[in-house]
Amino acid sequence: VQLQASGGGLVQPGGSLRLSCAASGRTFSPSAMGWFRQVSGSERQFVAAIQWSGGNIRYAESVKGRFTISGDKAKSTVYLQMNGLKPEDAAVYFCAARGGSRMISSLLSSQNSYTYWGQGTLVTVSS
């Protein structure tokens, strides 16, 4: 299974970007997909996740109200609409996916909950 993330780029503060991530490879039906981000020299941080079974969606507090995660389970695809971008949102964004059974929603924010990871897409927020 491979995850391909795209949509990163340079945007001015207050601007918007939409990230996409598609899973491909052998037959794979994700139970949950998520986004994490990492700034060089820092730990990878949770951003948002969606779990189709149960309709669970979680966001990091820092992005609530500005970012929206959505997805298409049938297409094994997840999106992250990012509005009102701030310089502190600049990072490499990674998508992640897991299969298997539903898990408690609080675990969606843990990197350890995901089996597959994409290569990352760079988001730069600067004027």
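1. Strands, like helices, are taken here as DSSP runs numbered from the N terminus (strands are E runs of at least two residues, helices H or I runs of at least four), and two strands are said to pair if DSSP finds at least two bridges between them. On that basis β5 and β6 form a hairpin with 4 residues between them, and Gly54 in the turn has a positive phi of about 95 degrees. The two strands, β5 and β6 (residues 56-59), run antiparallel and are joined by 4 bridges, with Ile57 in β6 as the bridge partner of Ile50.

2. Please keep in mind that this is a predicted model, in which local features need pLDDT of at least 70 and side-chain atom pairs count only at pLDDT 80 or more, whereas totals for chains, interfaces and linings use all residues. Residues are numbered from 1 along each chain as its sequence is written, and side-chain values use heavy atoms, with hydrogens and water left out.

3. The pairing of β3 with β8 is antiparallel over 6 bridges, with Leu17 opposite Met82 in β8. Further along, 6 bridges join β7 to β8 (residues 77-82), and here Met82 is the bridge partner of Phe67.

4. The structure holds 1 disulfide, a term used for a pair of cysteine sulfur atoms within 2.5 Å. The sulfur atoms of Cys21 and Cys95 lie 2.0 Å apart, and the link is right-handed, with 55 degrees about the S-S bond. It connects distant parts of the chain, Cys21 in strand β3 and Cys95 in strand β9 (residues 91-98), which are 74 residues apart. Both cysteines are buried (under 20% relative accessible area with a 1.4 Å probe and protein chains only; exposed is over 50%, and partly exposed lies in between).

5. The largest nonpolar core has 37 residues, and those with the most contacts inside it are Leu3, Trp35, Val47, Phe67, Leu80, Met82 and Tyr93; such a core is a set of buried Ala, Val, Leu, Ile, Met, Phe, Trp, Tyr and Cys residues joined through side-chain atoms within 4.5 Å. Among the elements that give two or more residues to this core are β4 (32-38), β5 (45-51) and β11 (121-125). Leaving aside neighbours within four places in sequence, Leu3 is in contact (heavy atoms within 4.5 Å) with residues including Cys21, Met33, Cys95 and Trp117.

6. I would also look at Arg37, which is found in strand β4 and is buried, with a relative accessible area of 7%. Its side chain makes polar contacts with the side chains of Ser62 (3.5 Å) and Tyr93 (2.9 Å). A polar contact is a pair of N or O atoms within 3.5 Å; within protein, one must be able to donate a hydrogen and the other to accept it, and residues adjacent in sequence count only if both atoms are side-chain atoms. Not counting residues up to four places away in sequence, Arg37 also touches Glu43, Phe67, Glu88 and Asp89, among others.
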